[in-house]
Amino acid sequence: MTQELVSRLATDDEFRARLARNPADVLAEYDIEVPPAAVPAEVVLPPRAQLAEALRAVAGSHLAPARVSLPPRPKFWPALRLVARPAAR
Amino acid sequence: MPKVRRTEFAFFYCQDGETLDIPALLRGRAVLEPQRQLLGLSILTGETHAISKADLDVLVSLPARDWVDAAELDIGEASVSTLARRGLVVSDEPDALLSELRRRDEQLSSNEWNVYAALYHFMTKWRDVDLEKAVDEDPTASGELDPHATEEWIALHGEPPAHFHSAAEGAAKVTQLPLVTREGALYDVLLRRKTTRAFAAEPATSRDDFSVLLRYAFGCHGYAGLGDGLVLLKKTSPSGSGLHPSEVYPLVANVEGIEPGLYHYGAAGHVLEPIELLTREEVGELAYEFTSGQPYARSAHCLFVLTARFYRNFWKHRRHERAYAVLLMDVAHLSQTFYLVCADLGLGAFVTAAINGSNIEERLGLDGVGEGALAVCGCGVPAGGPSPLEPEFLPYVPGETVV
């Protein structure tokens, strides 16, 4: 669950805004309960790049959920570079 | 009150890992902290959920083969409902999701799935994965083979295991074998076999080549009736027990005289059975989606989705620990034969297991339990010239070439 949450926070601005507006409800969707005292009056989320780094750390778990949109995989791997970026899309 | 039972298709696991410090997250800091978490893995949903010790106690106390009244459980109706919606408990409620999960539980059982095979297959199936958009990819990646990337990888993880392996280190003597060279169509095709990841827009693959490919890679060339309706088929690749449970679904983009679209290959009559006619652009997008965002698949002239009719094999090898491995080997054999026929026809070929199995099954109308996707092959007229996506292999002669 954490991995999916971090993945969305690292990629989805609309989701970040929703979490900032309503943290308790959005976190509950991920089975995360937060005591009211732990929620600040104004939610500030870490930058997307910082969350992408955290994602790489939690993605090391061998029980990452199969349906997560960002499968754990090496950052640098020549064979996977065969998945090319097209010049223009 | 509903009646419930535990599904047999769930596993429980205690995981040591790291999780985000949520209070810190809400204050702008991404801080990881150690976490030991009990997890429930539902094969019915393909999802993993954090569960409590109380949840685990209830699950362990529930029978898997007999229904019990949910009111008799002391964790409350809401908790039972949550476990049911997470695919850890089967409920007899008519709710659409719970009915579907109950159907999957019954299908897994009646299709004689081995529980370890089911765990691997359903927990590793992808949906909506787009490798091209993964944020953990190097944003400067060009898609080209890059020695610098290899250097970085080695710096992170150390030297790779040796490209050749010898078990004779320290042994006094090895037996030198004669270097016999054979010539002929088979040997020529074996040496020309390669993976292609760039295809020409024109010319299209000819209808005859397409037909030859289907017939000689996936078609039926013999049969043996064993009585009582059991017929074994002979194809150009081996299959466990001669059952040939693999099915082929061509996704045609650019084949002379064949409308773009999704088809099933009917091996009995060597026919294409249309599932959905599409534009060439739509086929390209579907090829990209099926192969989890591998851009070169868009330019392939045709993709071939390889599925397994699981029960064709499990009917004989009921809940067998090795049966699923045989299904994977079956499609692997087919892909090699596909490569060889493509090489003979002058077509480029590729195969990938990095596929969005769930998306494919939905598009093909498969339930995923009785029949499901395992791999995708593709082919087409190769693009002229070297491709940055394909390594250049130099000749190797044992005893002469030094690598």
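What pattern does chain A follow, read along the sequence?

**View 1. The helices of chain A.** In this predicted model, chain A runs α-α-α-α along its sequence. That gives chain A four helices and zero strands. Of its 89 residues, 28% count as buried. Look also at how chain A is held together across its sequence: among contacts between residues at least 6 apart, 62% join residues at least 24 apart.

**View 2. The two domains of chain B.** The domain assignment places domain 1 of chain B at residues 3-110 and domain 2 at residues 185-380. Taken over C-alpha atoms, the centres of these two domains of chain B are separated by 36 Å.

**View 3. Helix α8 against helix α11 in chain B.** Two packed helices are described by the angle between their axes and the distance between the axes. Here α8(B), residues 207-218, and α11(B), residues 323-345, pack at an angle of about 145°, and their axes are 9 Å apart. The crossing of α8(B) and α11(B) is right-handed. From α8(B), the contact uses D209(B), V212(B), L213(B), Y216(B), A217(B) and F218(B); α11(B) brings L334(B), T337(B), F338(B), V341(B), C342(B) and L345(B). Sorted by type, the residues of this contact are ten nonpolar, one polar and one charged.

View 4. The average pLDDT of chain B is 92, and 96% of its residues score at least 70. Residues 135-143 of chain B have a pLDDT below 50, and this stretch has 20 contacts in the model beyond near neighbours in sequence. Where pLDDT is low, the predicted coordinates should not be read in detail. For the complex, the predictor gives an ipTM of 0.71 and a pTM of 0.83.

Technical notes:
Residues numbered from 1 in each chain as written. Chains lettered and ligands numbered in written order. Predicted model: local features only at pLDDT ≥ 70, side-chain atom pairs only at ≥ 80, totals over all residues. Domains from an automatic or database assignment. pLDDT = per-residue confidence, 0-100. Contact = placed C-beta atoms within 7 Å. Helix = DSSP H or I, 4+ residues; strand = E, 2+ residues; numbered from the N terminus. Buried ≥ 20, exposed ≤ 12 C-beta atoms within 10 Å, placed from the backbone. Axes fitted to C-alpha atoms, helices over the stretch in contact; angles between N-to-C directions. Left-handed = near helix turned anticlockwise from the far one by under 90°. Nonpolar A, V, L, I, M, F, W, Y, C, P; charged D, E, K, R; others polar.
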